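Here's a quick briefing to keep beside you while you click through the model.

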Amino acid sequence: MTQIRRIPGTAIAAHAVLITYTIIALFPVFVILINSFKTRRAIFRDPLGLPTEETFSLIGYQTVFKQGDFFLYFQNSMIVTVVSLTLILLFGAMAAFALAEYRFKGNTLMGLYLALGIMIPIRIGTVAILEMMVSTGLVNTLVALILVYTAQGLPLAVFILSEFMKGVSDDLKNAGRIDGLSEYKIFFRLVLPLVRPAMATVAVFNMIPIWNDLWFPLILAPAEEVKTLTLGSQVFIGQFVTDWNAVLSALSMAILPVMVLYVIFSRQLIRGITSGAVK
Amino acid sequence: MTALKLENVNKFFGSVHVLKDINLTVEEGEFVVFVGPSGCGKSTLLRVIAGLEDASSGTVTIGDDVVNTVPPAKRGIAMVFQSYALYPHLTVKDNMGLGLKQEGQPRAVVEERVSKASKMLDLEEYATRRPAELSGGQRQRVAIGRSIVRDPKLFLFDEPLSNLDAALRMNTRVEIAELHRTLSASMIYVTHDQIEAMTLADRIVVLRDGRVEQVGTPMELYNNPANRFVASFLGSPSMNFLERSVPGVPDGQTIGIRPEHLRLAQSGRISGRVTHVERLGGDTNLLVNTDQGETVTVRLFGQDPTEVGDVVRLEFAADDAFYFNEAQERIFEAAA
């Protein structure tokens with residue numbers, strides 16, 4: 001007890017707030033996880049109870065795996081998310097570099113134009129996007145989703161990254177120019193490694209909404225072979241009957257890849273490699 | 001042969017005229033220092049020479065070639081930056097060798113030149129370290145090494161000592177001077193520090209507001225400044241400018257006297273009261289408030305017993321005084 005008293009009150013308060021928030025945030029995930037391992041009856045009788053010997057069941061996972069296409073959905077989601085993120089980071093960083101590095105007419109205007117997308121929800125344009133996809137024959141392809149998500153992610157990426165690019169030392173870029181590096185090499189070899197923490201931020205911001213999105217997969221790519229995980233899980237939710245075991249199992253598994261990606265990116269967030277580059 | 005020739009170089013940023021009609025010639029093997037207050041355009045001028053900025057008009061000639069449209073890497077220059085600008089992901093060795101590798105030099109040549117430069121700068125034991133693992137002084141030596149390795153026609157230094165602490169600054173200054181002697185290369189050095197300018201330069205170019213105020217050897221500028229700006233910029237403590245305190249100076253004219261040319265004398269022409277004394281051991285600096293309300297710095301050699309509050313009279317030799325008119329230009333016929 002004496003030990004606790006020595007800790008300043010503010011630290012306790014801060015931790016209390018943080019712990020409360022963590023519990024609130026993790027509670028739904030926790031409920032999904034424990035219920036995915038229970039029988040259907042147990043889910044309804046005691047939704048908050050931990051699986052016991054009697055109530056433990058893998059029936060949900062078995063259903064999901066028997067459904068067969070689940071791995072395909074999984075793969076589709078993975079492809080869409082990873083490719084979209086790659087394109088967002090690549091093009092976002094390139095645009096940001098141009099805006100931050102080069103003086104040209106309409107630079108500020110271009111920056112504003114590119115950032116405008118942050119304020120306008122892309123879903124407003126759904127009908128037009130669908131019409132475009134139909135006329136280009138991209139409906140029911142992963143490309144359609146990748147294009148839409150890339151467009152959706154770019155504004156914020158450009159906005160955040162250009163601020164960070166402005167912070168990269170001019171001297172470093174000029175040293176590269178004097179050593180004969182091309183602008184591309186300066187971008188890829190000197191600047192990108194230095195803005196890696198910002199890139200990770202942008203990746204994390206964009207990853208979750210893309211992975212979880214139901215709207216665009218439902219509208220642009222509802223065909224069986226291009227379904228994403230979120231859309232695929234909907235087969236277990238019927239109008240009248242819902243296979244809760246399967247839904248919860250599918251959702252539990254859907255958490256894993258995002259968590260892996262998040263761990264990868266968040267390590268980049270923490271690592272600062274700029275030290276020593278310039279004073 | 002000339003190492004660098006600038007003819008009527010102008011530079012505009014939008015509507016701001018940053019460099020105004022710069023004409024300058026740097027001879028082979030010469031050490032030229034650009035000096036001036038911040039915002040005078042000295043760094044911009046260096047960047048125009050390096051090719052990092054384009055001149056809005058005029059020609060830049062390095063060696064025998066007009067290089068206005070040549071990219072920085074092909075101008076035969078090397079540059080050392082204030083912030084070192086080392087590549088954080090490369091080792092010391094690779095930092096120095098990158099430029100040569102980009103030129104497509106064979107590996108043996110790169111190795112040889114890098115190790116030669118490392119030896120010259122005492123960097124051999126750090127060859128495999130990354131910049132983050134080096135101290136400020138070592139980093140700056142690597143940056144200098146990177147420029148030596150390229151064997152350029154012209155070295156450009158952009159305030160290379162500004163980030164170093166005082167002791168290290170002195171050492172690195174001596175190293176750069178030695179480097180200039182060993183390589184006998186042409187160098188251009190930008191600084192706002194007049195001590196660096198005075199100690200390193202063969203010739204100093206004083207810049208103000210994008211214009212060349214005066215060019216000459218350090219002693220020429222010190223002994224014979226063209227105007228009040230140059231007179232005040234060089235020398236520490238800086239020159240005293242008096243309008244009223246010396247009898248016989250006409251209205252509108254200013255007399256300039258360096259602190260070390262003033263001495264205490266019973267019958268001195270300037271009289272005032274000591275307001276502050278700085279005892280440096282070797283020198284003693286007095287701040288004197290004259291009867292006419294102007295402040296004069298006096299530099300006395302050795303130690304002096306004068307105390308704050310003492311009433312003193314100051315004298316100077318007529319040869320040591322400079323006269324300036326209202327436009328701050330030097331005038332040669334002393335009015336009195």
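**Helices, a chain contact and a sheet**

Helix α10 of chain A covers residues 183-194, twelve residues in all, and spans 16 Å from its first C-alpha to its last, close to the 16 Å expected at 1.5 Å a residue. Keep in mind that this is a predicted model.

**Helix α10(A)**

- Four names to look for here are Ile186(A), Leu190(A), Val191(A) and Leu194(A), the buried residues of α10(A).
- Look down the axis of α10(A) and its buried residues sit within an arc of 80°, so they line one face of the helix.
- As background, an α-helix makes a turn every 3.6 residues, so residues three or four places apart point the same way.
- The packing partners of the buried residues of α10(A) are α5 (70-101), α8 (142-166) and α9 (170-178), which belong to chain A.

**Helix α9(A)**

- Of the nine residues in α9(A), seven are buried, so the helix is largely enclosed by the rest of the structure.
- The buried set in α9(A) is made up of Asp171(A), Leu172(A), Lys173(A), Asn174(A), Ala175(A), Gly176(A) and Ile178(A).
- Their cover comes from both chains: it includes α10 of chain A, along with α1 (42-50) and β6 (77-80) of chain B.
- After α9(A) comes Gly180(A), which has a positive phi, near 90°.

**Where chain A touches chain B**

- Chain A puts 19 residues into the contact, and chain B puts in 25 residues.
- On the chain A side, α9 and α10 each supply at least two residues.
- The largest share of that side comes from α9(A), with six residues.
- By residue type, the side of chain A that touches chain B splits into nine nonpolar, six polar and four charged residues.

**The five-stranded sheet in chain B**

- This open sheet runs in the order β13-β17-β14-β15-β16 (chain B), with antiparallel pairing.
- At its edges stand β13 (263-264) and β16 (295-301) of chain B; each has a single partner strand, so one side of each is left without a neighbour in the sheet.
- What joins β15 of chain B (residues 283-290) to β16(B)? Seven bridges do, and the two strands run antiparallel.

Technical notes
Residues are numbered from 1 along each chain as its sequence is written. Chains are lettered from A and ligands numbered from 1 in the order in which they are written. This is a predicted model: local features need pLDDT of at least 70, side-chain atom pairs count only at pLDDT 80 or more; totals for chains, interfaces and linings use all residues. The expected span of a helix is 1.5 Å times one less than its number of residues. A residue is buried if 20 or more other C-beta atoms lie within 10 Å of its own, exposed if 12 or fewer, and partly exposed in between; C-beta atoms are placed from the backbone. The arc is that of the directions from the helix axis to the C-beta atoms. Two residues are in contact if their C-beta atoms, placed from the backbone, lie within 7 Å. Ala, Val, Leu, Ile, Met, Phe, Trp, Tyr, Cys and Pro count as nonpolar, Asp, Glu, Lys and Arg as charged, and the others, Gly among them, as polar. Two strands pair if DSSP finds at least two bridges between them.
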